[in-house]
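Visitor: May I ask for a close look at a single part of this model and at what surrounds that part?

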Amino acid sequence: MDWPMDLLPLPPCAELGVRPLNGLLWTLLLLFLWYCYRVGKHKSGSRRSVLSRAGSCAGAVCSATSNVATGDRGTPCITMETGEEEQGQGYLTPVLSHALFPPQATASGRKLYAALQEYAKRYSWAGMGRIHKGLREQATLNDRSSIQKPHLFFLPDVPSIPFFPRDAHRHDIEVLEANYPIILAEFQAVYQRGIDPKIGWTSLGPKKRSTPRSYGQAVFPLYSAGVCVAGNCRSCPCTYRTLLSLRTFISSNSLGAAGFWLLGPGATLGGVYGPTNTRLRCHLGVQTPPQCELVVGGEPQCWSEGHCLLVDDSFLHTVSHNGVAEDGPRVIFSVDLWHPNVAAAERQALDYIFCPDQ
């Protein structure tokens, strides 16, 4: 059957004598209509699918909200927090779980955990995984028998040994050893005035006999629990400036201290643990008579004048001076440095958590 040509709008080329191919034109027209139909159907189906998924997500959120409201607490996991962008579009942000703190935790442990949460609100949870884990596990750590058991805070997954090599803090060790002569001179000037609390000394042991310098153990602190002792620093200005030139000195939180530690002949500091494994104690030998010994984690070492030892005092350790009175006291200049495996973000958080004002 032939269709009349006037029913179709033909291009001008038909007037030039070119006979259009009727069947081909109708085929193309039908294909175009079919294509438009399929595209329209696909878009409609996609819209229904999106609306269906949105309804399902809304139902899941409502269900989760209902569970929280009724006190349904599951195992700790990474939760999702919903927010809105400025344009009103939703997005999901992962946040660290606010799991319940162990019930057996001490009051100080709970206070530290609250400080960590406050730090995360102000800054970020990024990099806080080990600190979060350490605070939660501190209570169980105190109950177990171990050669390394810091009583205040233990940071998990930190490689540790009783004595560290010099390369762990080469710069700071070289600075201290280079300034040994002036550190020794300033200590001697302070020591000549006598061990008296009125001039900055703190006695840590019983006084022997009646002589003014016969303390079993005493310290002349320049920094105590993260706070500068201004009067003592004025008595030792060069030593104080040396402290400020160190790269890893812990000067901003209560875990850090620096000062001259004196141990009299016959005195012994029994087996104790330090407060944390996030620091290393650098001992610069100032006056080291024979028969003085430091045992950390079962490993004995002796001090040497003008040289440093890097000690992890979170291990069980003992200090003894088995010399005679004529030997005089053993004196070291002790400085607390960051453990080399504590990251910068963790150091910043620990400065906040263990702030001296907390």
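Guide: Contact here means heavy atoms within 4.5 Å, while helices (H or I, at least four residues) and strands (E, at least two) are DSSP runs, numbered from the N terminus. This is a predicted model, in which local features need pLDDT of at least 70 and side-chain atom pairs pLDDT 80 or more, whereas totals for chains, interfaces and linings use all residues. Residues are numbered from 1 along each chain as its sequence is written, and side-chain values use heavy atoms, without hydrogens or water.

For contrast, leucine 29 lies in helix H1, residues 22-69. Leucine 29 counts as partly exposed because its relative accessibility is 38%, between the buried limit and the exposed one, over 50%.

Elsewhere, four strands form an open sheet in the order S8-S13-S10-S11, with antiparallel pairing; strands pair if DSSP finds at least two bridges between them. Strand S8 (268-272) and strand S11 (299-301) are the edges of this sheet, each pairing on one side only. Five bridges join strand S10 (residues 292-296) to strand S13 (residues 317-321) in the antiparallel sense. Histidine 317 in S13 is the bridge partner of valine 296.

Technical notes: Buried means under 20% relative accessible area, exposed over 50%, partly exposed in between (1.4 Å probe, protein chains only).
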